[in-house]
Structure formats: C-alpha cells, structure tokens
Amino acid sequence: MSESPPTTPVCYRHPGRETYVRCTRCDRPICPDCMREASVGHQCPECTSEGRRSVRPARTAFGGGAAGRHGYVTKALIAVNVLLMLLSIASDRGGDAAVGGSGFAGLLGGNTPLTDWGAVLGLAVFPDGSVGGIADGEWYRLITAMFLHYGLLHLLLNMWALWVLGRSLEANLGPLRFLGLYLIAGFGGNVAAYLFSAQNSATAGASTAIFGLFAAIFVIMRRLGRDTSAILPVLVVNLVFTFAVPGISKAGHLGGLVIGALMGLVLAYAPRGRRTLVQVVGGAIIVLALIGLVLIRSAQLLAG
C-alpha cells in the first residue's frame, strides 16, 4: 500500500493560501495577511484581540484614564462656555453683552437675560414683581453661574486659564477626575459667593472653577515632586487682580481656591489600595458640606 503524500498546511482563515508559519499562541497556520507581530514570533488576529482584552488599561498616577492626555474634557468645557457666551449675546436686548458694561473700565460686558437667569443670586425682587434666587429654590444657579460670563474679555481670560491649567490637570488626573475637580471647585466658589455676597448681588463666571484649578495643580505638582515655582507668581497675580479690580467676586474666587485645594488633596493623597473609593467619598463629603452651608444661608435669608 502506497503512503499518501504529506499535505501542505493552509491558513485557517484563507484556505487557499499555503503557509508554514503558525500562531505562537494557538498553533494554527497563518498566512502573511493574518500575521501579527508579537514579542516572540507571530500571532493570529483572534489571539491578538484576546491579548489586548486581557491587558489592563494604562492609568495615571492618581488612578485616572490615560485618555486625559488628549484633553477632551478641557476642550468640551471651553466649547460649552463659548456656546453659552454666544447664546448670552443673542439674548441681549441692550447691546452691551460682549463689551461696554460697567465693569473693568467698560471692557467687561453687561448683564443679559441669560446671565440674569443663571448667575449666583441670593434672593431678589425682579422688575416684574416676581421673587427669585437660590433661597427661593433656584439651586441650579450654583452650577450654571460657572459657565456664564459678562462679556468677551471675561470669557477670554477664563478660557485661556482653563486651556493652560486644564490640559495639564486632565493629563495627570484623567478625564473623569478632572471633570469632578472642575465642577466641585466651581460649585464651592459659587456657594462661597452665595454665603458672603449681598443677597441681591449677581455673580457669574468660570473663575470660581479656575481658581480651584490653580490650587489643585499646586497640590498635584507637589505630590509628584515637581517644581511649583512657576505656579505661585501666576496665582499671586490673580489674587492681586481679584482684590484690586472692583466688581469681582472675592468670595467666589477664594471659595473656589479653598475647595480646589481640598479636592486636590483628596485626589492626590488617596491611598493606592482604595484610591477610587477614597476619592469618591472625599468628593461627596465636600459636596454635602457645601449643600449644608447653602441650606443654612437660605434659611437665614428667608427668615430675614
């Protein structure tokens, strides 16, 4: 009986192609189109995909996703602020939404229907006789105020700072942790403005969050052992600007600074083994404490 000649192996994905190369993981024959470079030899597409799924995604030093290097959240926040500035200008009937208001030698814009609706306001009677403000239940103002601005100069100054600080912080913290820092710092600054400003005084701007980013980046850089000498002069200049220029919410800026520093400490010094849990719980405690202060202030205004 004659023996049958040995058959030439063919690619398991392309049966018409002969090959003597096999996947180093599953040992199936693969043709040049199916070969994927591996640390040793070649692998088939299925084994390569399986290997990618088993590899843990890269994380930052503070537990965040490596996607923060792209700065998507920073860009999205800037886009939201710019969009609301355009809507604010469109809603204006007085013509001074972009420039020509009373602040900063006329370079800042005036208030608009949109800023009137979303700025931090304790409790006030409007021209139509209605009553509104945070004490009256308009809590949304503590969030919306950090996305509204009085004029283009106000917007540009804050967006430049957000672009410079945001990309660095987002790269170090990851997108979600950076977004949480921004929102909590902005919320904290607006709560401070509510607590320490006149009840009929309206304030708005991303500066509450920006000052929080200043404080947080100082904490983060110190935690990483990096030089912070370039940050302090910029922070000092902004603080001088805060106290020297009339019409700026000092309470809002300082409140954002303090809350940003606290949130930065939570993010930077959470123990590695329980990092995410400590960061979430720490952020929640800060927010709950701020809500408690809002409730106390509202009760005071309504009682008065």
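Predicted model: local features only at pLDDT ≥ 70, side-chain atom pairs only at ≥ 80, totals over all residues.
Let me start with the cysteines: the sulfur of Cys 44 has its closest cysteine sulfur in Cys 47, at 3.5 Å, which is too far for a bond, given that a disulfide is counted here as a pair of cysteine sulfur atoms within 2.5 Å. Cys 44 is also buried, its relative accessible area being 0%, where buried stands for under 20% relative accessible area, exposed for over 50%, and partly exposed for what lies in between, using a 1.4 Å probe and protein chains only. Residues are numbered from 1 along each chain as its sequence is written, and side-chain values use heavy atoms, with hydrogens and water left out.

For the structure as a whole, the number of disulfides is zero. Cys 11, for its part, is in no disulfide, and the cysteine sulfur nearest to its own, that of Cys 31, is 3.7 Å away. With a relative accessible area of 1%, Cys 11 is buried.

Now to the overall layout. The chain has 10 helices and four strands, these being DSSP runs numbered from the N terminus, with helices (H or I) of at least four residues and strands (E) of at least two. Read from the N terminus, the order is β-β-α-α-α-β-β-α-α-α-α-α-α-α. Of the 304 residues in the chain, 44% count as buried. If we take contacts, meaning heavy atoms within 4.5 Å, between residues at least 6 apart in sequence, then 62% of them join residues at least 24 apart. The chain exposes about 16,000 Å², of which carbon and sulfur atoms supply 64%; these areas come from the Shrake-Rupley method with a 1.4 Å probe, and for residues only the protein chains shown count as cover.

Next, the charged pairs. Side chains of opposite charge can pair when their charged atoms come close. How many salt bridges does the count come to? It comes to two, where a salt bridge is a side-chain nitrogen of Lys or Arg within 4 Å of a carboxyl oxygen of Asp or Glu. One of them joins Arg 17 to Asp 33, with the closest N and O atoms 2.4 Å apart. Both Arg 17 and Asp 33 lie in the segment before strand E1 (36-37), so this pair ties together parts that are 16 residues apart in sequence. Arg 17 is partly exposed, at a relative accessible area of 37%. Arg 141 forms a salt bridge with Glu 138, where the closest N and O atoms are 2.7 Å apart, and here both Arg 141 and Glu 138 are buried.

Turning to the rings, the count is three aromatic pairs, with rings of Phe, Tyr and Trp (its six-membered ring) pairing if their centres lie within 6.5 Å, and with planes under 30 degrees apart called stacked, over 60 edge-to-face and the rest tilted. Trp 117 and Tyr 140 make a stacked pair, at 4.8 Å centre to centre and 25 degrees between the planes. This pair links distant parts of the chain, 23 residues apart, since Trp 117 is in helix H3 (residues 113-118) and Tyr 140 in the loop between strand E4 (131-132) and helix H4 (141-144). Trp 117 is partly exposed at 44% relative accessibility, and Tyr 140 is partly exposed at 29%. Phe 147 and Tyr 182 form a tilted pair, with 6.3 Å between centres and 40 degrees between planes. Because Phe 147 lies in the loop between H4 and H5 and Tyr 182 in helix H6 (residues 175-196), the pair ties together parts 35 residues apart in sequence. Phe 147 and Tyr 182 are both buried.

Finally, two buried residues in helices. Asn 158 belongs to helix H5 (residues 152-173) and is buried, with a relative accessible area of 6%. Leaving aside neighbours within four places in sequence, Asn 158 is in contact with His 149, Gly 205, Ala 206, Ser 207 and Ile 210. Ile 184 lies in helix H6 and is buried at a relative accessible area of 13%. With neighbours within four places in sequence again left aside, the contacts of Ile 184 include Ile 259, Met 263 and Leu 290.
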